[in-house]
Amino acid sequence: MEPKASVKNLIPYVPGKPIEELERELGIQGVAKMASNENPLGPSPLAKKALREHVSKVNLYPDGGCFELKRKLSEKLGVPEDTLIIGNGSNEVIEIVARTFLEPGDEAIYGRHAFIVYPIVTQALGCSHVVSEMPDLTHNLEDMLSLVTEKTKIIYIANPNNPTGTIVRRDEFEWFLKRVPENVIILVDEAYFEYVDDPEYPDTLRYHSARESLVTVRTFSKIYGLAGLRVGYGVASAEAVSYMDRVREPFNVNSAAQAAACAALDDESHVARSRELNREGKEFFREKLAELEVGYIESHANFFLVDLGKDPVPVYEALLRDGVITRPVGGYGLKTHLRVSFGLAQENERFIESLRRILRR
Ligand SMILES: Cc1ncc(COP(=O)(O)O)c(C=O)c1O
């Protein structure tokens with residue numbers, strides 16, 4: 001069967017290697033997965049309890065409108081319920097936005113080293129992709145603005161960006177917001193929002209009342225530790241959400257995910273613990289990588305982009321043999337880097353010790 005030309009040229013998404021796969025290959029137990037920016041503490045105990053209690057109800061279809069989750073999010077975020085769209089991961093929200101608003105021939109702008117799902121969803125729809133260079137590995141909003149044409153329909157900004165961990169700050173964002181024409185959608189992907197502690201980091205929810213064509217996307221996969229359940233959300237104008245609701249599958253978010261996400265929102269202390277563990281992990285990485293004289297990009301999220309200054313794949317493979325899964329990011333145009341998610345303290349130590357041995361060889 002011949003696929004659409006736009007699909008034939010797509011570069012496939014390469015996920016982190018699953019723990020079970022490496023354990024099978026090596027015949028070992030206790031692999032450390034530091035490849036997919038997950039929460040090493042796991043889900044909140046409240047989310048686990050909600051899941052256990054939910055098990056006997058999975059014979060029923062989920063609430064297609066995600067009523068309770070929207071109610072709780074609306075209260076927490078201070079946005080009206082009808083401005084919320086819930087997805088099977090924030091990935092699906094990104095895809096629903098594209099399927100609702102993009103036509104073949106429209107232009108989508110994103111950064112050279114930005115999250116790879118943007119080219120995947122836009123190119124699959126036959127859109128032209130316009131790439132903004134990121135020489136210092138952060139989004140360059142001035143450059144993005146200069147690329148806007150009459151055909152531009154959407155601009156993607158990952159803030160913080162994956163895999164670089166860099167952010168755009170409030171001043172630049174406000175400058176950008178004033179200049180991008182209203183008919184262009186600005187989608188800000190804030191998957192790592194809860195980890196950021198920079199005082200200049202913009203909370204884009206504050207700008208929705210001033211700009212109709214703004215979409216904020218967040219997730220329960222990262223700090224909330226629910227990546228396996230797949231639940232994320234978007235905030236947009238009520239009108240935009242009403243169109244997106246026509247496009248999405250009627251039961252796109254499963255009921256277990258809804259129950260766990262609701263419970264996770266009640267557990268502020270788990271979020272605080274996760275943030276603190278992440279801060280400690282980052283501090284440890286800074287210190288140890290400096291000792292090893294290995295470069296890295298300062299990150300506002302839960303991972304570091306480590307610059308080995310050479311092909312990282314042999315190091316990645318040697319780490320695998322030591323039972324540590326990281327992620328080479330050649331697919332992002334970063335040919336000398338490995339992305340490493342912060343783990344539990346013992347996992348961070350294990351990574352550093354393994355890296356030390358490998359680099360000494
Ligand atoms: C920047 C960014 N956006 C979105 C996602 C998608 O997350 P999910 O679909 O699990 O919500 C990720 C996952 O790694 C990410 O890094």
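At roughly what angle do the axes of helix α5 (residues 90–101) and helix α6 (residues 117–124) cross? The legends below describe close-up views of a predicted model.

**View 1. Crossing of helices α5 and α6 in the predicted model.** The axes of α5 (residues 90–101) and α6 (residues 117–124) cross at roughly 35 degrees and come within 10 Å. The crossing in which α5 passes α6 is right-handed. On the α5 side, the contact is made by Asn-91, Ile-94, Glu-95 and Ala-98. Their counterparts in α6 are Val-117, Val-121 and Thr-122. By class, the residues of this contact are four nonpolar, two polar and one charged.

**View 2. The largest nonpolar core.** This core contains 91 residues. Ile-85, Tyr-156, Leu-187, Leu-226, Ala-260 and Ala-261 are the residues with the most contacts inside it. Helix α10 (residues 255–265) supplies the largest share of the core, with eight residues. Domain 1 (5–43 + 269–360) and domain 2 (45–265) each contribute at least three residues to the core.

**View 3. Surroundings of Ile-85.** Ile-85 is among the core residues with the most contacts inside the core. With neighbours within four places in sequence left aside, the contacts of Ile-85 include Val-93 and Ile-96. Ile-85 is also in contact with Tyr-233, Gly-234 and Ala-236. Val-241, Met-244 and Asp-245 complete the list of contacts.

**View 4. Contact between domain 1 and domain 2.** The chain is divided into domain 1, which covers 5–43 + 269–360, and domain 2, which covers 45–265. The centres of the two domains, taken over C-alpha atoms, are separated by 24 Å. In the contact between them, 29 residues of domain 1 meet 30 residues of domain 2. On the side of domain 1 that touches domain 2, the elements giving two or more residues are α1 (5–8), α11 (268–291) and β10 (303–307). Of these, α11 gives the most, with four residues. This side of domain 1 has 14 nonpolar, 12 polar and three charged residues.

View 5. Most peptide bonds are trans.

**View 6. Leu-137, a residue other than glycine with positive phi.** Most residues other than glycine have a negative phi. In Leu-137, phi is positive, near 65 degrees. Leu-137 is placed in the loop between β4 (128–132) and α7 (141–146). Leu-137 counts as partly exposed because it has 19 C-beta neighbours inside 10 Å, whereas a residue needs 20 or more to be buried.

**View 7. Arg-230, a residue other than glycine with positive phi.** The phi value of Arg-230 is near 65 degrees. The residue is found in the loop between β7 (214–219) and β8 (232–235). Arg-230 has 20 other C-beta atoms within 10 Å and is therefore buried.

Definitions and conventions: Residues numbered from 1 in each chain as written. Predicted model: local features only at pLDDT ≥ 70, side-chain atom pairs only at ≥ 80, totals over all residues. Axes fitted to C-alpha atoms, helices over the stretch in contact; angles between N-to-C directions. Left-handed = near helix turned anticlockwise from the far one by under 90°. Contact = placed C-beta atoms within 7 Å. Nonpolar A, V, L, I, M, F, W, Y, C, P; charged D, E, K, R; others polar. Core = buried A, V, L, I, M, F, W, Y, C linked by C-beta atoms within 7 Å. Buried ≥ 20, exposed ≤ 12 C-beta atoms within 10 Å, placed from the backbone. Domains from an automatic or database assignment.
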